[in-house]
Structure formats: C-alpha cells, structure tokens
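The questions below concern the fold of two chains and the contact between them. Each is answered from the coordinates.

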Amino acid sequence: MNGPDSKEQQIIRLPFFGIPRLYPYIKQYVPRIVLMILMGILSSLADSAYPLFNQYALNHFVTQGTLVGLKTFILLYVGMLVLQTLNNFITCYWCGQVEMSVDRDLRNAAFNHLQTLSFSYFNQNNVGYIHARVMSDTGKIGVMMAWRLMDIIWNGSYILCVLVVMLSINWRLALYILALVPVAVVLISFFQTRLIVLNRKIREINSTITSDINEGITGARAIKTLVIERRIQNDFEKDTENMRRTSVGATHVSALFSASVTFLSGVALSLVLWRGGMMTMAQVMQIGTLSVFLSYALGILEPIQNVIQTFSELIAIQVNVERLTRLLSTASDVADSPEVIEKYGDTFHPKKENWEKLIGDVEFRDVTFRYPDGDEIVLSHFDLKVPQGTNVAIVGETGAGKSTLVNLVCRFFEPTSGTVLIDGRDARERSQLWLHSSIGYVLQTPHLFSGTVRENLRYGKPDATDEGIWEALRLVSADGIVRRMDHGLDSDVGEGGAMLSTGEKQLLSFARAILADPRILVLDEATSSIDTVTERAIQDAIKVVTKGRTSFVIAHRLSTIVDADIILVVRDGRIIERGTHEELLAQHGYYHSLFTRQYVEMSLNEKHT
Amino acid sequence: MHQQEKEPYKPGKGERFPSRSSMVLYFLKGSTHYFLWVVFFSFCVSFLDMLNPKLIQYTVDYLLTAGQSTLPAYVGVIVAFLGGQEVLRAQIWRMAITVACIALLTGICRYLVRLLNSKGAEKLMRRMRDTLFDHIQHLPFSWHGENHTGDIIQRCTSDVETIKAFIADQLVMMFRIIILIAMGMYFMVGISPRMTIFSAVFIPIVLAYSMFFHNRIGDAFRHADEEEGALSAIAQENLTGVRVVRAFGREIYERERFETKNEDYTRMWIRLMRLLAGFWCSNDLISGLQIMLVTVVGAVFCVHGDITVGQYIAFVSYNGMLTWPVRGLGRVISEMSKAGISIDRICYIMNARVEGTAGETRKPPMDRDIAFDHVSYVYDNGSAEVLHDVSFRIKAGSTVGILGGTGSGKSTMMYLLDRLYELPEEHGSITIGDVDIREIDRYYLRSHIGLVLQEPFLFSRTLSENISITQSQTDMNKVRHAARIAALDETIDSFSAGYETFVGERGVTLSGGQKQRAAIAQMLVGMPTIMIFDDSLSAVDTETDERIRTALQENLTGSTVILISHRITTLMHADQIIVLDRGRIAEQGDHETLLQKNGIYRRIYDIQMAGADGNSGASTEAVS
C-alpha cells in the first residue's frame, strides 16, 4: 500500500493529452499518422454504408419483387468489402508499426538519457520506479499514439457518418435517436470516471499482492526462522480479501454500466419501432428504410461507448506521459560543459584521440560538499594532495560517510564549491568518460551482470585475453573459485551473479577491476564478506596492484590499512583526522581509540596468559 | 529446476492432486454455484436477445403489412397479452414499450451474469492465492533452495491469473457462446431451414480459421514475451549496476546492447502486428461476405415468396448476432488449450510435500544442553559432504563461538539445528536436553531458537513492525530496548519518521550493517532461549560489534548463545570455540587453549593481529 506506486493515484491533465511534449519523438511519424487517419475515415464511411445495402435490398428487390440488378448489387457489395479489407489491413499494420516505433524511440531515448544522469538521480529514485518509466510508460505512450488515436478516428467518424446518413434519409426519425445521444454520453461518462478510479485501486492492490508473494518467497528462510508463517498468512489473506471485495465492487459498477447501455439501445430500438412503424403504416416511409434505422439505432451506441472509453484512457495515460517526459528533461547535475564535449566527446561519442593519458595525481583544493538531496555540509574547505601512486585509506564507523571522498574523486558528484584536480587540472575540464575509463572501482555490494564469468571480467576491458583474465584471477586468489566451476570461464553467473556467494562475487569484481589496469583504484570495503585466510591473500594482492597506482581504500578492519601512505579518519560525515598510522596513533585521538579498541582485548588476553 | 526445464512437470498417481481436474475442482470449492448461475442467466440473456428480432419480425409482417401466418407460441402469448393484433395495430406504441421492457430485462440479466461471474471468479482467485501462499510457507526450506524465486513468483501471479481466466472467462464464455449459437440456429431454422444452411456454412470455416490462427500466433506471442523479458532484464541490470557501468565508463556498450535488443523486440512485434492485422481483416472479410450472402439469398427467397419481409429482417439480425460469438469461440478454444500448462505449473507447487508433522509433537524444555552426535550432511543434489562426523556439546546458558572458512559448513550446522534442513535418520543426531530434535514440534523448536541470518531479510513494513514481528502486539518499550542492545537506537532516532520509518520505501534504504542490526533487534525482542548469530555482524564495524556484544551480555537471561564470525575479537570471549574446516571440527576449546594449539585458530589470530604487531607498544600503552 505504501509501495513505490502510490503515486499512481494521481490523475494529471496535460494540455492536448501531452502530445506537444512528445512531439519531438513522434515528429518523423506524422506523415504516416495523417495517412492513417485518412484511411481510417474511409473505412468508417464504408462501415456506415453497409446498412444502406440492406435497405436497397429490401426496398428494391424484396418489396418490388424483382431480381433485376442483383449481379451489380453483389459486385458492388463484394468490391467494397475487398477494398475495405485492404484499406483496413494497411491501416492496422501501419498502426502497429507506428506504435512500436514510437515505443522503441522513447525507450532508447529514456535508456540513453539515464546513462548520462548523475548518481544523485539514482539515489533519489529507486530502480523499480525508473525501470517502469523505461519499460512500461513508453509502451503505453506507443499505444496512445497509434491505437487510441485510431479508435477515436474510427468511432468518431463512424458516428458522424451514421448521423449524416440518418438525417438525410429521414430527419424526423433521426432526431429521435439524436435525442438519445446526450443521455448516452452523460450516462457513459458517469460510469467511466468511476471505473477509472476503481481499476486503479485494483491495480494497486494487485501490486501489493505481488509484493506480498515476492516477500513470502524471497523471505521464506526468515519467515521460517522467526516462526511467523501464521502472521504473514493472515496479512496476505487480508490483502486477497480486499482484492476480492474491490474487484467485485468494480464489476458491480461495470455490470450496471453495460446493463444500462443494453437498456438504452432497447429504448432506441423501441422509439424507432414506434415512430417508424407509424410512418410506415402511413406509407410515409418504406420498410427498407425502417430496417436501416433499426440497425443504426442498435449500432450507434457501441461507438459512442468506445469514444468515451478511449478518452478516459487518454486521460489515465497522462501520468505516464508526465513521468516519462520529466525523466527525459531531467538535467544531470554532473554534466560536461560544451567546450569539454567539443574536445573530448560526449558519453556516446568519445573523441579518444584527444584524450590525455591519465597519470593519477589527485588534489582537493578548498572543497566544500553537500549531497544534492541533503542539507548537511559533509566536507568543508577541505584540502588534500594525493600524488600519483599514493595509497589513501579512509576509515571510520559504519555509515559515517566514508564514500564521499571517493564519489568526488570519481566525479560521481561534484563539489559544492572548490575544485577537485586530476593531474593538476580541474576534473571538470575533461570528460567524465575520460576519467571513468581509467578508474577501477570495487563496490561494497558487488554487482555482476548475468552472463559468463569471462563476459563479466572483460566488462572493463573488452579485449582482454584469457591469459590476462587468469592472471587477474590469480592476483586476487579467485582462480581456484573459477577453476572449480563446471565450465570455468564460460560458467554462467546467473542473474546479478545469483549463482555465487557474496564473497565470490567480491573476488570476481575485484579481478574485474584489476583486469582493466586502472590508474586510480578504489576499494570500497571490498573485502568485508571474505574469510580471513582469503582476505589475507587479497591483501597481499592489494599491495601488489596498488604499487604505482593511486588508490583509495575504504575499510573498517584497520589491520588492512596500516601500511597506507595517508589515513583519513571520518566521523559523522566529516574528516576529523589525517596522517600515517604512526602519526595518528601519536595524536591519541579518535583513530587511536578506534585502533586500540580493536586490538586491546587481544593484548589484554595475552597479558593474562 | 534444470531438470524441470527439460521435461515439464505433470501430476501423477499417488500425489495430492493426481490430475489437473482434481486440483481445479479443489480450487473451485465454494465458487461452483456462482458459475452455474452464470450459465443459467447467460441462457436468459441469449433468449431475450433473440426475442426482440422476433417481435420486430412480427411487427413488420402482421402490423405494418397486414399479413397472416402462424406465430411461434411465445410470440402469440406476448401478442395476446398486449391485447391482440387489432389493438396493437392501432396502438403500435404498446409493442415499442414491450421491446423496451425486454431490453430492460436483458439488461438486468446481463448485470447478474457479470456480477455473479465476478463473485465466483474472485472467490476462486482468493482461494487459489491463499492456498498457494500458505502451502509455500510450509514447504521445506530445501524446496525453496531448489526452485528459483522468480519462477515461483511467476507461477503465483501469472499462472494463477491464467487459471482464473480459463475458468471464469474462457469456460464460461464457451458455454455462453455455444448457447447463443444453438439458440440462434434454432430461431433461424424456425424461419427458414434452407437459408440457415447458407448462414451456417460459414461457422466451421470461421471457427477453424480462428483456431488455426490463434494456435499459430500463440507461439509468436510467447517469443515476443520472452524478448520483452530479455529487454527488461537488460534495463534492470543496467539500473541496478549503474555504479559499475559508470565506474568502468561502459555507457556506449550498454547503449548498443540495449538498442540492439530493443530493435529485435520492435521488429518482432511489427511482424506480429502484420500477422494480426492480416487475420483481423481477413476475418472481417469472411464475416462481410457471409452477411452479404445472407442478404442476397434472403432477398431472392423473399422475391420467390419463400419468406416474408419480417422474417427476412429477423433472419438478418440473427445472422448478425452470431458473427462475433463464432469468431470468439475459435479464440477461446485455442486459449483454453494453453491453460493446461499453467495448471501443471501450479500442480507442481501444490504437489510438493510440506514440512512433515508426523511424530514430532514433543515440547521439551529448551534451556538444556545442545548436542551434535556424529552429524554428517549431504545436500539433496548429491554434491560433496558439507558436514562430516561432527560431534560437540554446548552447555545450556553458555556462549559458543564458531570459526571457519567460506563453505566450511557453519551455516548448514545452524540450519540443521533449526530444522531448516532435515537431518536424515542415519546421519547422526542432534539433541536438546537429550531429546532428538526430530521429535520436537518444529514450530515450537524454531520459536525457541533465534537465528539471525547472514543475509538479513526485512519486511516492507515500518521499523517498529519489523522489530516486533514475532510478537502478537507491538510493545514500544520492548522494541526500543531491543534496538538499544542492537546499537540501532541512535540510527533510528536520526530518521525523521523514527521507528515508523517504512523499510524499503523510496529514499529510505538501510545500509547492510543497519539491516543486520535490525535483524538482531528483531530476534532480541523475543529473548529466545537459544540465540544464533550467523555471521550477523559482518557488515558492522568492530566498535559497534563490541558495543552490541557487551549490551547483550548485560541483558542475557540464561540464554545459550552461538556466535559465528570471522573476527577473532568477536569470538575470543566465548566459553568454547569450535573451529570448522571443510565440514570437520578441526579444533575445539577456549581462546587460550586454541592459541596454544598453534593450529588454524592461531594462524587466523596472527593474521588479524598482524596490523597491530609493529605497534604493540602503542596499544599496550593505551591499555595501561
């Protein structure tokens, strides 16, 4: 109920159904859409003409008792059917084409735009929400631009044609039916708005149920160990019962709706029968004409219903249009300037020939920083020189903000004021891609892509050879893990690396970073889920690979960082101490207390023995 | 799972549901009568729908053109009721009112059909969901391990929908269409058997064409769905792995991958659209030709005097009424054939055996010694032994530390104790106070063992609800107390919504360490007799780790504590430490004993101490 989709509730109204906002994406399909509309109108003309054939058959053949002209009649009829079929086929096919093309273009645009947005966007919006924008909003808009549009054209022009034909045949009888149209419109709109709200509620409960199921299955182990099966089941049954009641309620409304439409068309029929019957008896009207009116009277309600339904769907889609266009117009708060793009290329068109080699000098110059979605100043007038090859360690409590510095170095965020210099120049003077291509980042929560081990390891270096891959694996002591797998490098790691343990994932993502031979290496608590012996092996590897590279190591096991060239101590998001291990110990400050606390117990014990 | 992909599951003899129909009937319990009423009222709707053309036929033939002919009995009854032919001819409005009344009646019946159908369908749906969910909750943990969660979720959502659609939409619709066709044919034959042949000749053609097409398009739809799934997965991975993508500067690769797949998907759908458009339009053409044929033949018959004008009009409208149902029938039949697969997929879950309950009724006191006696364990899939001949004893109320490498069988040991895994009879025994845990009521056992998992799982509720989830009522004092011991109180207080913070809601995500601490608090609220921390402090820094352990020691009320960790500092104070190496107990004893043994424990101790070696002076100084 409190899920990410609670925003679904909103009904947004945009001018012209948001089409102007989407215009840039549908521009190239406009000529085709116009053709589609024209063909749709032709098709409706044909549809509204069929009862006239019937009228002709009655008035001409049946009442006059002659079969003269039957052949021409059949030929005309069949000819029209065939032409209309062809016309409809092309329209439908084009409609599908336009739908899918708009869908595709929007999806590509959204996906590509996301590749350029900064991390603060991803921190503020969860993956499920963004994913829905890329995958489902685009599809809905595609349908709107093609089928919904055609629905309005088909039904709208059919209604118009029928009204015109009726008025021209017998305007007096036509007025009786015409009088019913406003009643129908009011009635249908009344039900339609109610149904939209109810259906939305149902979708919401449905997504609650889906997440219940999800939780019940992914959390099976937790539920068993906590022995809360009964409680979870009761809560689940509350939701399913709610679903049942709401669904039946919605059906009640929609059933009333269809019943009233049935009744209304019955009324139309009886009106025509009554007035038309009298006219026929008075010889004012032919039987065939009465028959054609009867079929129009029965047939006009469905298109009216369709048009209203289509309009309400268009209204419901506005939320999706709004959300998607907002995503597409979100500007990244870390963006390369036009000059930089001119020289170094943008995200998708890098000009690698202009790229300087990255050496690895990093400098913070009077850096003040506040996260875009926070109001606390995390860094204030911070200065730090990290010459190439320096090993920087960042320590502090869980959640103290150790990743901030690293985020700035990688330019995932930009300083609120001051500058971060890479190789002596403001990081903003070169493109993000240039920097990222030379950074190796191993995350605390390792992320692997579905595919083989080889594909994953090559992620940072697509042309790596198998020898190179094994070399990297050996460096991080992960060669044994891969060798033990059924297909070695060709083994499937599963979706998000689901086939591997967290420790194995960490080792592989470490190997992946090493393989890319980065100039700047970032290890964000990269070894927290590895057992001590393996960790020891990795630490030896770290020593080897950080040699000659600028590196930032975030750790909470202090034993891993005592050799660092400089240690930064973070507390409550601020850097409170810095220096080498010895200097910091000598300061008798926070680091000293952290360090001694970690080892004091053991020392004590040793004393006693 | 892999086995399943090769050969789809089929229910068989000796299982809970030996056949598809037995399971469907089981689910239908309590909703069958709704569906029977639906069929009855559908019959009424069809009949009433057929009545109006008859009345119009009568009006045209006898009132407007003053013909004389025999009337079907029921029309005669209505005419008599309305005052007879002469009165009606003078007052044609009476006939008009009747037509409107019949329409009203039709509307009411139609309303009842929809409402009753929905009542039945939703009741069925609820029963399916509840039963499935309950069943899954009680399946053994090993079953969960063998089956992909994504696959089970899909079965519980889309396959359940498919079965509902099969019963409530397709089956009911099929009945309705058959009734409608039968009645239409009856009325049409009543007007002119010869003309009916011209109309009916199209039915098998449309039916066969429609079934053939839907069978064919079904595969194409499935392919398109798979393509969509693949595309969706690429987007999903890109978004969850956005940091990796950026850190490696691989945006171009990601873009190409996505656009290629997107193009494939789009192409596939456009091809599908052409097929669909071809089908719709050709079907329209066939229906159009049929209507034309009936119009022409009808006109010829009329001219030859075989039928009256009114009959002609009625016949044409009956014919029009049957066009859509016949087309629908083809679709319904081909869709129904697919429901079988979904039923099998649900059967697979429903036929899986739930955790046994036979002969495990004992509820002995749990504050007793725990003993593992020659325990060996092999996973069902026949891989290598996880535990080999493990024997040890844990004194009631003591604290035990367990140390071991990745995959040394630490967690498995705890899962066996909690009976998440079932220890086979011949593989040794685990006892609590000399009672074999296989004889203890499973839920009693688990509720007395608090197991904090290595990967904590929080429910999408508020923090306070999460922490107190094992309690029947939320006692905020208890919650706060537990949070304080788990060193989570300050973190929670820093959230603007405090304990009412919703876990998993957009924007509020807990770090790994915070989740672990929440899971610890969740366990502590119940203060179970046996507490197991399965590496549950790995994401917490040493300082917090120590704080938690100290607070725990202060608040313990005689519980037995089992600590699994990689950190010597976490384990060293335990009364007893067990070192596991590849499923065997390598060393056992307290901290000092183990240090003197100069074995694995000593080696790990040295490694973890290494950082302090060169600076022991400083640390000692701090102590003194």
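Q: How many helices and strands does chain A have?
A: This is a predicted model, in which local features need pLDDT of at least 70, side-chain atom pairs count only at pLDDT 80 or more, and totals for chains, interfaces and linings use all residues. Residues are numbered from 1 along each chain as its sequence is written, while chains are lettered from A and ligands numbered from 1 in the order in which they are written. Helices (H or I, at least four residues) and strands (E, at least two) are DSSP runs, numbered from the N terminus. On that basis chain A has 20 helices and 10 strands.

Q: Is chain A compact or spread out, and what is its radius of gyration?
A: The radius of gyration is taken over C-alpha atoms, and the globule rule is 2.2 Å times the number of residues to the power 0.38. For 609 residues the rule gives 25 Å, and the value for chain A is well over that, so the chain is more spread out than a compact globule. The C-alpha trace of chain A spans about 120 × 60 × 50 Å along its principal axes. The radius of gyration of chain A is 35 Å.

Q: What distance separates the centres of domain 1 and domain 2 of chain A?
A: Domain bounds come from an automatic or database domain assignment. Domain 1 of chain A covers 17-169 + 319-331, and domain 2 covers 171-284. Taken over C-alpha atoms, their centres are separated by 24 Å.

Q: Which strands of chain A stand at the edges of the six-stranded sheet?
A: The sheet is open, with mixed pairing and the order S6-S7-S8-S3-S9-S10 in chain A; two strands pair if DSSP finds at least two bridges between them. Each edge strand has a single partner strand, so one side of each is left without a neighbour in the sheet. These are strand S6 (439-442) and strand S10 (574-579) of chain A.

Q: Which residue in S8(A) is the bridge partner of Ile394(A)?
A: Strand S3 (residues 391-396) and strand S8 (residues 550-555) of chain A pair in the parallel sense over five bridges. In S8(A), the partner of Ile394(A) is Ile554(A).

Q: What is the order of the open sheet of six strands in chain B?
A: Strand S6 (449-452) and strand S10 (584-589) of chain B each have a single partner strand, so one side of each is left without a neighbour in the sheet. S6(B) runs parallel to strand S7 (residues 530-534) of chain B, joined by four bridges, and Gly450(B) stands opposite Met531(B) in S7(B). With mixed pairing, the order in chain B is S6-S7-S8-S3-S9-S10.

Q: What percentage of the 624 residues of chain B count as buried?
A: A residue is buried if 20 or more other C-beta atoms lie within 10 Å of its own, exposed if 12 or fewer, and partly exposed in between, with C-beta atoms placed from the backbone. By this count the buried share of chain B is 45%.

Q: Which helix of chain A gives the most to the side that touches chain B?
A: Two residues are in contact if their C-beta atoms, placed from the backbone, lie within 7 Å. The contact takes 140 residues from chain A and 139 residues from chain B. With 32 residues, the element of chain A that gives the most is helix H8 (residues 229-281).
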